[in-house]
Amino acid sequence: MSRLDAARAAQFAGIALGHVGREYPYKLGQVLTADADLAPPRLLHPIFHGSFDWHSCVHGYWTLATVLRLFPALPEAAAIRARFDAMFSADTVAGERAFFARPANRGFERPYGWAWLLMLQAELRRHEAHWADTLQPLADDLAARLLQFLPLGRYPVRVGTHFNTAFALVLAEEYAQTAHLPAMSAALREAALRWHRQDRDAQAWEPGGDDFLSSTLTVALAMQRLLAPAEFLPWFAAFLPRLGERAPATLFEPATVSDRSDGKIAHLDGLNLSRAWCWRALAAALPAGDPRIAVMQAAAAQHLAASLPAVAGDYMGEHWLASFALLALRA
């Protein structure tokens, strides 16, 4: 089964270095309240103004930080460090915070971008450089926003796109663990239980035509990350009771991508990679010898084979897919 090696890490680093500073094309996604709200991306977002949109730029930086830590001798290591040193400063972080502080931007990037910023901060905390200390005020802002939002979210958002709440729980929990924030972990756990404790016999009506997350498997991964094994294992058995029979069948069949130049259709490569990530992580959570493990690992390998080659190619996928491939390969 594919694993991350130095050659693949170097490929991902080269891809991410090629887009985190590429300002155009760029999708702003903001609410305008006056003419002054319009400005070039580099002025609105002093750090995260590349990679087509804010959240993709954030997880592009996460990709770079992760491969740098795992493979510090990469040929791209010096360029990564130079980029981070240049971009992470008190002034640039203040500029990012100022954008979020505008009242009209209360919901900007909720919850996907918030969670990816916390995931990036979790990774930066594993480095000895100043980057995590510098970015911490923005991480504090977005962690607070997420914690304020959770009790307001009476219902989970189960779509396979940016608004998926289970995916945000997974990434935010990595930050909470890395930053040693038990109260945050408790809040994330409470939300997961409130939203998904009663989920049973998932039918997996997926994929949607522009999904890049498995709405089914992402829920399972959130519960695995936030529950103790004694709680998770019986819940998981009830959630996917026919998993050993490769059912629901749709979870085992990689999505077909008909046009990788179409940004929405290209999302389906991300679906395949994120399913591979979930299958691998969930298989690792099962007791040794569980017959479902082989089924899940085979599904992960099939999904990786379908979309790993797509991380490079058209910019509609290239500006973000390496991050999802990295999630899968490091699982």
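Is Trp-277 buried or exposed? Trp-277 is buried, with a relative accessible area of 3%. Keep in mind as you read that this is a predicted model.

**The largest pocket**

- The largest pocket holds about 560 Å³ of space.
- Its lining is made up of 27 residues, and those closest to the pocket's centre are Lys-27, Asp-53, His-55, His-162 and Lys-264.
- Two elements, α3 (54-70) and α6 (112-124), each give two or more residues to this lining.
- Helix α3 is the top contributor to the pocket lining, with four residues.
- Sorted by class, the pocket lining comes out as ten nonpolar, eleven polar and six charged residues.

**The cavity**

- If you search the whole structure for cavities of 30 Å³ or more, you get one.
- The largest cavity has about 40 Å³ of space in it.
- Around the largest cavity sit Ala-16, His-19, Ser-56, His-59, Gly-60, Thr-63, Glu-318, His-319, Trp-320, Leu-321, Ala-322 and Ser-323.
- Elements giving two or more residues to that cavity lining are α1 (6-19), α3 and α15 (321-330).
- Helix α3 turns up here too: it supplies four residues, the largest share of the cavity lining.

- You'll find Trp-277 in helix α12, which covers residues 267-284.
- Trp-277 counts as buried because its relative accessible area, 3%, is under the 20% cut-off.
- Leaving out residues up to four places away in sequence, Trp-277 touches Phe-167, Val-170, Leu-171, Leu-221, Arg-225, Leu-327, Ala-328 and Ala-331.
- From Trp-277 to Ala-301 is 24 residues in sequence, and their C-alpha atoms are 9.9 Å apart in space.

**Two buried polar side chains**

- Ser-185 is part of helix α9 (residues 182-196), and at 13% relative accessible area Ser-185 is buried.
- The Ser-185 side chain has a polar contact at 2.9 Å with the side chain of Glu-173.
- Setting aside neighbours within four places in sequence, the contacts of Ser-185 are Glu-173, Ala-176, Gln-177 and Leu-226.
- Asn-105 belongs to the loop between α5 (90-101) and α6, and its relative accessible area of 1% makes Asn-105 buried.
- A polar atom of the Asn-105 side chain lies 2.8 Å from the backbone oxygen of Phe-99.
- Phe-99 is also one of the residues in contact with Asn-105 once neighbours within four places in sequence are left aside, along with Gln-30, Val-31, Phe-100 and Arg-145.

**Cysteines**

- How many disulfides does a search of the whole structure find? The search finds zero.
- As a reminder, a disulfide is a covalent bond between the sulfur atoms of two cysteines.
- Cys-57 is buried, at 0% relative accessible area.
- Cys-278 is buried as well, at 1%.

**Cis peptide bonds**

- Tyr-24 and Pro-25 are joined by a cis peptide bond, with omega at about 0°.
- Pro-25 sits in the loop between α1 and α2 (41-44).
- Another cis peptide bond links Ala-247 to Pro-248, again with omega at about 0°.
- Pro-248 is placed in the loop between α11 (229-239) and α12.

**Positive phi values**

- Ser-51 isn't a glycine, yet its phi is positive, near 60°.
- Ser-51 is in the loop between α2 and α3, and with a relative accessible area of 0% Ser-51 is buried.
- Arg-246, also a residue other than glycine, has a positive phi near 60°.
- The loop between α11 and α12 is where Arg-246 is found.

Terms used:
Residues are numbered from 1 along each chain as its sequence is written. This is a predicted model: local features need pLDDT of at least 70, side-chain atom pairs count only at pLDDT 80 or more; totals for chains, interfaces and linings use all residues. Side-chain values use heavy atoms; hydrogens and water are left out. On a 1 Å grid over the protein atoms alone, a cavity is a set of points where a 1.4 Å probe fits but cannot get out, and a pocket is an open set with protein on both sides within 12 Å along at least five of seven lines; lining residues have an atom within 4 Å of a point. Grid points are joined across faces, edges and corners, and a volume is the space filled by probe spheres set on the points. Ala, Val, Leu, Ile, Met, Phe, Trp, Tyr, Cys and Pro count as nonpolar, Asp, Glu, Lys and Arg as charged, and the others, Gly among them, as polar. Buried means under 20% relative accessible area, exposed over 50%, partly exposed in between (1.4 Å probe, protein chains only). A polar contact is a pair of N or O atoms within 3.5 Å; within protein, one must be able to donate a hydrogen and the other to accept it, and residues adjacent in sequence count only if both atoms are side-chain atoms. Contact means heavy atoms within 4.5 Å. A disulfide is a pair of cysteine sulfur atoms within 2.5 Å.
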